[in-house]
Amino acid sequence: MGLILFILILTTALAVHELGHAVVMVNNGVELRRIGLGFPLGRPLFQWQWKRFPGINFEIHPLLLGAFVEPTTKGSRHMKSLSYKAKADIYAAGAWANIVFYLVVSLMVGLFFLDQGLNHTAYARTAGICAALLLFRHFFRRYLLPI
């Protein structure tokens, strides 16, 4: 049970990470070819296209301990021509997506335990981190994100 839970949590974190990259790539005009869970070795188990995102294949591969976002050839060329700031945003988006995901999950778990009368300090600390990220988001974006 512990191994299955570990794989589920790791796969979710990897998916959130890669989706962070994908969202910022699309926002910067980079065309994507495919987004997937698992190592892209061989044929995918599942493959589909959403009408909302034409031309992008969504794939799930058998070995779930990985995830990827692959731009088209034109998207790769466009990404090379982007400014340093846009590239930094793309590269940092995965880490920021994981941070936001962690904070959301922490708040949800904290609310559950707060309801049980437990762990008030951890919940308050997580709420404080969320408030700091919101208050200082321009500082983080301008000075820490490019690092």
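In which sense do S1 and S4 pair, and over how many bridges? S1 and S4 pair in the antiparallel sense, over five bridges; two strands pair if DSSP finds at least two bridges between them. This is a predicted model, in which local features need pLDDT of at least 70, side-chain atom pairs count only at pLDDT 80 or more, and totals for chains, interfaces and linings use all residues. Residues are numbered from 1 along each chain as its sequence is written, and side-chain values use heavy atoms, with hydrogens and water left out.

**Sheet**
- Four strands make up an open sheet of mixed pairing, in the order S2-S3-S1-S4; strands (E, at least two residues) and helices (H or I, at least four) are DSSP runs numbered from the N terminus.
- Strand S2 (46–48) and S4 stand at the edges with a single partner strand each, so one side of each has no neighbour in the sheet.
- From one strand to the next, the twist averages 15 degrees.
- Arg34 has Glu70 in S4 as its bridge partner.

**Helix on the sheet**
- H1 lies across S1 and S4 and runs at about 20 degrees to S4; axes are lines fitted to C-alpha atoms, for helices over the stretch in contact (heavy atoms within 4.5 Å), and angles run from 0 to 180 degrees between N-to-C directions.

**Lining of the second largest pocket**
- H1 provides the largest share of this lining, six residues.
- By class, the lining has 16 nonpolar residues (Ala, Val, Leu, Ile, Met, Phe, Trp, Tyr, Cys and Pro), two charged (Asp, Glu, Lys and Arg) and one polar (the others, Gly among them).
- A pocket is an open set of points on a 1 Å grid over the protein atoms alone, where a 1.4 Å probe fits, with protein on both sides within 12 Å along at least five of seven lines; lining residues have an atom within 4 Å of a point.
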